[in-house]
Amino acid sequence: NALGGAIIRLPHEWSAALEYQWTKTVSNNYFVQPFEMSATALSTLSPVALSDTRSLSITDASVFDLLQGSQPSGNRLATYSARFSGPLFSAPGGDVTMTALLEHRDQRTDGAVFGENLFGPTYEWVPAATEQVMSEYAEVRVPVVSNANALPFVQALDLTLAARHDAYDFDYPGFQILVPGPDGPFPPTTNATSSLSSTDYT
């Protein structure tokens with residue numbers, strides 16, 4: 001992981017906060033593959049159904065070679081953000097302030113090969129994929145009533161207006177493509193791209 005940032009003082013009581021964060025995670029997940037057991041297998045495993053099956057003495061095949069699959073995967077996320085805040089103008093209740101945020105997220109998943117030994121070695125390739133997100137956010141705070149212009153029974157009243165826009169871009173070539181082995185060869189793929197966006201107001 002890596003994290004860095006800076007706060008910059010700007011003219012007219014404004015400030016800017018710049019931040020960069022990079023994270024990488026790598027995981028290797030193990031799980032049980034469901035399948036139908038033969039009568040011989042059931043008679044062997046039933047007496048120890050609630051026991052640790054690693055203690056079984058099996059010489060012709062490993063139970064866990066049959067049951068256990070693994071899918072190593074990696075993920076990288078880089079986030080760049082810039083936040084600006086400061087007063088816009090003075091009002092009877094105090095300074096009207098604004099906060100604005102620009103943020104870009106770049107997420108990439110590494111290609112991974114999934115292998116299992118259920119009915120002989122089988123390998124499925126999950127190609128690398130990317131997701132890009134661009135976000136813009138703005139908030140304006142208007143102090144309608146404050147200590148400067150307090151009213152009977154009303155000591156403070158703020159009005160907040162906010163808007164946020166997010167744009168998503170996906171680049172994904174496919175999922176679980178059969179390959180001959182853990183090292184390929186990997187077939188050529190055609191990336192499928194898609195985009196969507198959303199805007200919220202409060």
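Q: Where is leucine 159 found?
A: Strands here are DSSP runs of E with at least two residues, helices are runs of H or I with at least four, and both are numbered from the N terminus. Leucine 159 is found in strand β8, which spans residues 157-172. Before going on: this is a predicted model, where local features need pLDDT of at least 70, side-chain atom pairs count only at pLDDT 80 or more, and totals for chains, interfaces and linings use all residues. Residues are numbered from 1 along each chain as its sequence is written, and side-chain values use heavy atoms, with hydrogens and water left out.

Q: Is leucine 159 buried, exposed or partly exposed?
A: Buried means under 20% relative accessible area, exposed means over 50%, and partly exposed is in between, using a 1.4 Å probe and protein chains only. Leucine 159 counts as partly exposed because its relative accessibility is 42%.

Q: Which residues make the nonpolar surface patch?
A: Like charges are joined within 9 Å, and nonpolar side chains (Val, Leu, Ile, Met, Phe, Trp, Tyr) within 5 Å. Here, Val144, Leu157, Leu159 and Leu161 make up a nonpolar patch of about 330 Å², an area from the Shrake-Rupley method with a 1.4 Å probe, where only the protein chains shown count as cover for residues. Strand β8 gives the most to this patch, with 3 residues.

Q: What does threonine 160 touch?
A: Contact means heavy atoms within 4.5 Å. Leaving out residues up to four places away in sequence, threonine 160 touches Glu139, Val140, Arg141 and Thr202. With a relative accessible area of 38%, threonine 160 is partly exposed.

Q: Which loop holds phenylalanine 153, and what is its phi?
A: Phenylalanine 153 is in the loop between β7 and β8. Its phi is near 70 degrees, a positive value in a residue other than glycine, and at 88% relative accessibility it counts as exposed. Histidine 12, in the loop between β1 and β2 (15-32), also isn't a glycine and has a positive phi of about 60 degrees. At 70% relative accessibility, histidine 12 counts as exposed.

Q: Where in the chain is confidence lowest, and where highest?
A: pLDDT is the predictor's confidence in each residue, from 0 to 100. Helix α2 (residues 63-67) has the lowest confidence, at a mean of 46, and strand β1 (residues 2-9) the highest, at 95. Residues 58-68 stay under 50, and the model has 14 contacts beyond four places in sequence for them. Where pLDDT is low, the predicted coordinates should not be read in detail. Overall, the chain averages 80, with 76% of the residues scoring at least 70.

Q: How many helices and strands does the chain have?
A: There are 2 helices and 10 strands, in the order β-β-α-α-β-β-β-β-β-β-β-β along the sequence. Of the 202 residues, 22% count as buried.

Technical notes
Patch = residues over 30% accessible without salt bridge, like charges linked within 9 Å, V, L, I, M, F, W, Y side chains within 5 Å. Salt bridge = Lys/Arg side-chain N within 4 Å of Asp/Glu carboxyl O.
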